[in-house]
Amino acid sequence: MEPFSFHRLGSQQARLAALEACDDARYISGGMTLLPSMKLGLVAPSDLLDVTGLPGMRDITVEGRSVRVGAAVTHAAIADNAALNAVCPALCDLASQIGDRHVRNRGTIGGAVANNDPGADYPAALIVLDARIETDIRTIAVEDFLVGMFETALHQHELVTAITFDAPDIARYEKFPHPASGYAMAGVFLARSNSHYRAGITGASGEGAFRCGDLERLLTTGAPLADIAELRFDDLDIFDDRHGSRAYRENLIRVLARRAAVHLKA
Amino acid sequence: MSSIELRINGKDVRRSVEDHQLLVSFLREDLGLTGTHVGCDTSQCGACVVSVDGATVKSCTMLAVQAHGCSVATIEGVSQTTSLHAVQEAFQRHHALQCGYCTAGLVITAIDLIEREGSQLTRDQVAHALKGNLCRCTGYQNIINAILDAAKRLDVAAQAAE
Ligand SMILES: Cc1cc2nc3c(=O)[nH]c(=O)nc-3n(C[C@H](O)[C@H](O)[C@H](O)COP(=O)(O)OP(=O)(O)OC[C@H]3O[C@@H](n4cnc5c(N)ncnc54)[C@H](O)[C@@H]3O)c2cc1C
Ligand code: FES
Ligand code: FES
């Protein structure tokens, strides 16, 4: 790894001062994506600014059905949080399926959304939950935030501070992990609120996570679940690579969608 | 360079480190704690797992400076006496290692798992919990047997102590 200077941030003033003073600064949260890319020489920042000690970044608050998760909350803390499990167990379950325990103990939700890996798990859930991404300067609807593969609406050095959403009546995440990497080959997040369904799919497309309107309509109108087998994805850029053909991935989505639907209809 | 202060296996340590130094290299090279291994250096294998403030981490994917103010537990500290920790003993009893390269990471992972789940652990839970630890020679059956056995024995010992 190329040498750099490390700064532990304790306040927003310290953050702004550090940005002012550093050449090519980059935020570090859990470091589970950033440190491996720095080892590979893909990025070589002059300074790392550790955001995990900034006020409020590690808190989860649940008031009624409204949820706020600080950007530096780890996947393990999300999986184990009792208040969150009480209102949105599907998100906790999703977090418990990320990587392995050691990765979950360090990796954070803010780092994951800022990175927007097409194989990452949270994006499927966040688009279904209609989440808002709070930054140091504004609030962005998640559908505007997630732009494409490894691309977000963040400006340079804009800091994700929290993710907020309202818990649905019921939800379910079904994932098929890549056997080696553990990232989603496909992951389907399904939620229902007031008999209306929303569906988000991750892992399967170079455009990143996307909503599936046909699946939402099928479930909301009460069509037989067998109809899920007829879902088509022709207008989407579904991956077709050595890990799985396009037809294989499309089928995976249908299978996972059906599993999630069975859970919600039960 | 940064000056860091941390507790390692119960002892206070204060050192200067390069900001880009990995925790695993600090433990092995600066402190001589070579029980923690580097298998892949790419966050995959778990040979480098140590516990930081009670949470298991891959020390090849954490900076030494990120451990400032923390309490770190490595394989060297799991037993404070001359005898083995119950999990180490169970690994020996069940033939849960061959070359031993993965063992330190597995023992740290197993102790954490048993502390969180106790003797209620199921075979399936143990298998899932080992997802981040690769063993290339023993096979996992004996490792799982050892962990389940250690969980039971530690529970019996805890009850006897009450
Ligand atoms: C072995 C392994 C397996 C994994 N498996 C999965 C998996 O199955 N599913 C999955 O979804 N992910 C997986 N991951 C990725 C993991 O979830 C990462 O934790 C996550 O993608 C990045 O979070 P982080 O906190 O570690 O971010 P970091 O690595 O610290 O940062 C990632 C990027 O985000 C930027 N950043 C960080 N925080 C902020 C912020 N608050 N505001 C703005 N920018 C910020 C950084 O500058 C950097 O560019 C895996 C990782 C590993 C190593
Ligand atoms: S050496 Fe750290 S995970 Fe392999
Ligand atoms: S005992 Fe050799 S790698 Fe596990």
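This is a predicted model: local features need pLDDT of at least 70, side-chain atom pairs count only at pLDDT 80 or more; totals for chains, interfaces and linings use all residues.
How are helix 2 of chain B and helix 3 of chain B oriented to each other, oblique or parallel?

**Figure 1. Helix 2 and helix 3 of chain B.** Helix 2 of chain B (residues 86-93) and helix 3 of chain B have axes that come within 9 Å and cross at roughly 120 degrees; axes are lines fitted to C-alpha atoms, for helices over the stretch in contact, with angles from 0 to 180 degrees between N-to-C directions. The two helices are therefore oblique to each other, since angles under 35 degrees count as roughly parallel, over 145 as roughly antiparallel, 65 to 115 as roughly perpendicular and the rest as oblique. Their contact has 7 nonpolar, 2 polar and no charged residues (Ala, Val, Leu, Ile, Met, Phe, Trp, Tyr, Cys and Pro count as nonpolar, Asp, Glu, Lys and Arg as charged, and the others, Gly among them, as polar). From helix 2 of chain B, B:Val87, B:Gln88 and B:Phe91 take part, and their partners in helix 3 of chain B include B:Thr103, B:Leu106 and B:Ile114. Contact means heavy atoms within 4.5 Å, and helices (H or I, at least four residues) are DSSP runs numbered from the N terminus.

**Figure 2. Helix 3 and helix 5 of chain B.** Helix 3 (residues 103-117) and helix 5 (residues 141-161) of chain B pack with axes 10 Å apart, at an angle of about 45 degrees. This pair is therefore oblique. B:Leu106, B:Ala110, B:Leu113 and B:Ile114 of helix 3 of chain B meet residues of helix 5 of chain B, among them B:Ile143, B:Ile147 and B:Leu154.

**Figure 3. Helix 2 and helix 5 of chain B.** The axes of helix 2 and helix 5 of chain B come within 8 Å and cross at roughly 135 degrees, and the helices are therefore oblique to each other. In helix 2 of chain B, the contacting residues include B:Ala90, B:Phe91 and B:Arg93, and in helix 5 of chain B they include B:Asp149, B:Ala150 and B:Arg153. The contact has 9 nonpolar, no polar and 3 charged residues.

**Figure 4. The interface of chain B with chain A.** In the interface, 24 residues of chain B are in contact with 24 residues of chain A. The chains bury about 2,000 Å² between them, 56% of it on carbon and sulfur atoms; buried area is the accessible area (1.4 Å probe) that two parts lose on being put together, summed over both. On the chain B side, B:His20, B:Thr61 and B:Gln66 lose the most area to chain A, together 28% of what that side buries. The predictor gives the complex an ipTM of 0.97 and a pTM of 0.97.

**Conventions.** Residues are numbered from 1 along each chain as its sequence is written, and chains are lettered from A and ligands numbered from 1 in the order in which they are written. Local features need pLDDT of at least 70, side-chain atom pairs count only at pLDDT 80 or more, totals for chains, interfaces and linings use all residues, and side-chain values use heavy atoms, with hydrogens and water left out.
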